[in-house]
Amino acid sequence: EYATFRTTYYRWEKNIEIPILVYHNIVDDEDEIKYDYMQTTQENFEKQMKGLIKLGYHFISYEDLLKYNNGEKALFKKSCIVTFDDGFKGVYENAYPIAKKYDIPITTFIINKNVGQKDTLSWEQLKEMEESKLVEVGSHSWDHADFRNLTKEEAVENVERSYQEIEEKLGKTFNKRIFTYPYGLYRPEQIEELKERGYIQNLTDNKINESKNLNLNGLHREYPLNDSVIKMIIKIQYRKIRYGNT
């Protein structure tokens with residue numbers, strides 16, 4: 001008999017790394033890049049996505065991650081999530097076409113106060129992408145406040161206000177809500193309160209998630225920058241070794 005090789009695993013079966021990649025804007029050409037950690041070109045973004053696919057990576061959504069965490073879904077050993085912060089129009093103009101081309105689920109975290117301004121996404125664009133079922137819209141807060149300066153009550157009010165408008169503008173109620181802390185900064189009591197309210201919460205600390213200690217209320221994310229795919233993979237392995245079980 002031939003041996004059966006497993007390609008997907010439930011959370012309790014195997015410890016796997018689940019990188020969450022965080023981008024900001026995807027721009028047209030190299031000249032537009034002001035800060036490497038915030039922007040990359042459409043050409044390089046496509047190279048990164050194609051490269052990850054060639055290396056055997058499978059792109060998943062937060063819904064997949066939630067089901068995996070609950071024991072309802074198995075994931076490929078090489079799984080990752082693609083996210084965008086701040087709601088720049090380059091997500092619609094440059095990232096979304098690549099996502100459609102390669103069938104990559106993506107999540108964009110918006111700052112409500114900035115929607116519809118110059119160089120940012122409009123509600124119409126957000127609605128179009130969300131209705132494609134390929135793009136999820138989450139909150140990056142109402143106004144990109146430094147949450148260290150907010151009380152627990154103010155923080156909750158900020159996030160709830162953000163999601164209320166998202167649901168109103170997109171015409172739907174979300175069965176899960178995902179929030180990303182501005183600047184990656186927070187107070188522990190804010191995380192606890194939003195956890196009680198059922199939020200999935202993202203940090204931005206360049207660490208790598210591992211299934212053995214997966215925490216949906218403190219998900220790690222890392223910047224791919226303008227790196228080549230090989231450099232991205234090297235950084236993932238380095239961060240796994242450096243941060244270990246944190």
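At roughly what angle do the axes of helix H1 and helix H3 cross, and within what distance do they come?

Mentor: The model is predicted, so local features need pLDDT of at least 70 and side-chain atom pairs count only at pLDDT 80 or more, while totals for chains, interfaces and linings use all residues. Residues are numbered from 1 along each chain as its sequence is written, and side-chain values use heavy atoms, with hydrogens and water left out.

Helix H1 (residues 42-54) and helix H3 (residues 90-102) have axes that come within 10 Å and cross at roughly 25°. Helices (H or I, at least four residues) and strands (E, at least two) are DSSP runs numbered from the N terminus. Axes are lines fitted to C-alpha atoms, for helices over the stretch in contact, and angles run from 0 to 180 degrees between N-to-C directions. H1 is therefore roughly parallel to H3 (angles under 35 degrees count as roughly parallel, over 145 as roughly antiparallel, 65 to 115 as roughly perpendicular and the rest as oblique). The crossing of H1 and H3 is right-handed, where right-handed means that the near helix is turned clockwise from the far one by less than a right angle, and left-handed anticlockwise.

From H1, the residues that make the contact are Gln 42, Phe 45, Glu 46, Met 49, Lys 50 and Ile 53, and from H3 they are Glu 93, Asn 94, Ala 95, Ile 98, Lys 101 and Tyr 102; contact means heavy atoms within 4.5 Å. By class, this contact of H1 with H3 holds 6 nonpolar, 2 polar and 4 charged residues (Ala, Val, Leu, Ile, Met, Phe, Trp, Tyr, Cys and Pro count as nonpolar, Asp, Glu, Lys and Arg as charged, and the others, Gly among them, as polar).

Helix H4 (residues 123-131) and H5 pack at an angle of about 75°, their axes 10 Å apart, which makes H4 roughly perpendicular to H5. Here Trp 123, Leu 126, Lys 127 and Glu 130 of H4 make contact with Glu 165, Ile 166, Lys 169 and Leu 170 of H5. The contact of H4 with H5 has 4 nonpolar and 4 charged residues, and no polar ones.

H5 also packs with H6: their axes come within 9 Å and cross at roughly 50°, so H5 and H6 are oblique to each other. H5 passes H6 in a right-handed crossing. In H5, Lys 152, Ala 155, Val 156 and Val 159 meet Glu 189, Gln 190, Glu 193 and Leu 194 in H6. These residues of H5 and H6 divide into 4 nonpolar, 1 polar and 3 charged.

Apart from its neighbours within four places in sequence, Glu 193 is in contact with Lys 152 and Val 156. With a relative accessibility of 21%, Glu 193 counts as partly exposed (buried means under 20% relative accessible area, exposed over 50%, partly exposed in between, with a 1.4 Å probe and protein chains only).

Rings of Phe, Tyr and Trp (its six-membered ring) pair if their centres lie within 6.5 Å; planes under 30 degrees apart count as stacked, over 60 as edge-to-face and the rest as tilted. By this rule there are 12 aromatic pairs. In one of them, the rings of Phe 147 and Phe 179 have centres 5.4 Å apart and planes at 40°, so the pair is tilted. Phe 147 lies in the loop between S10 and H5, and Phe 179 in strand S11 (residues 177-180), 32 residues apart. Both Phe 147 and Phe 179 are buried. In another pair, the rings of Tyr 163 and Phe 174 have centres 5.9 Å apart and planes at 80°, so this pair is edge-to-face. Tyr 163 belongs to helix H5 and Phe 174 to the loop between H5 and S11, 11 residues apart. Tyr 163 counts as buried at 1% relative accessibility, and Phe 174 counts as buried at 10%. Phe 147 and Phe 179 also form one aromatic cluster with Tyr 181 and Tyr 186.

Most residues other than glycine have a negative phi. At 0% relative accessibility, Ser 141 counts as buried.
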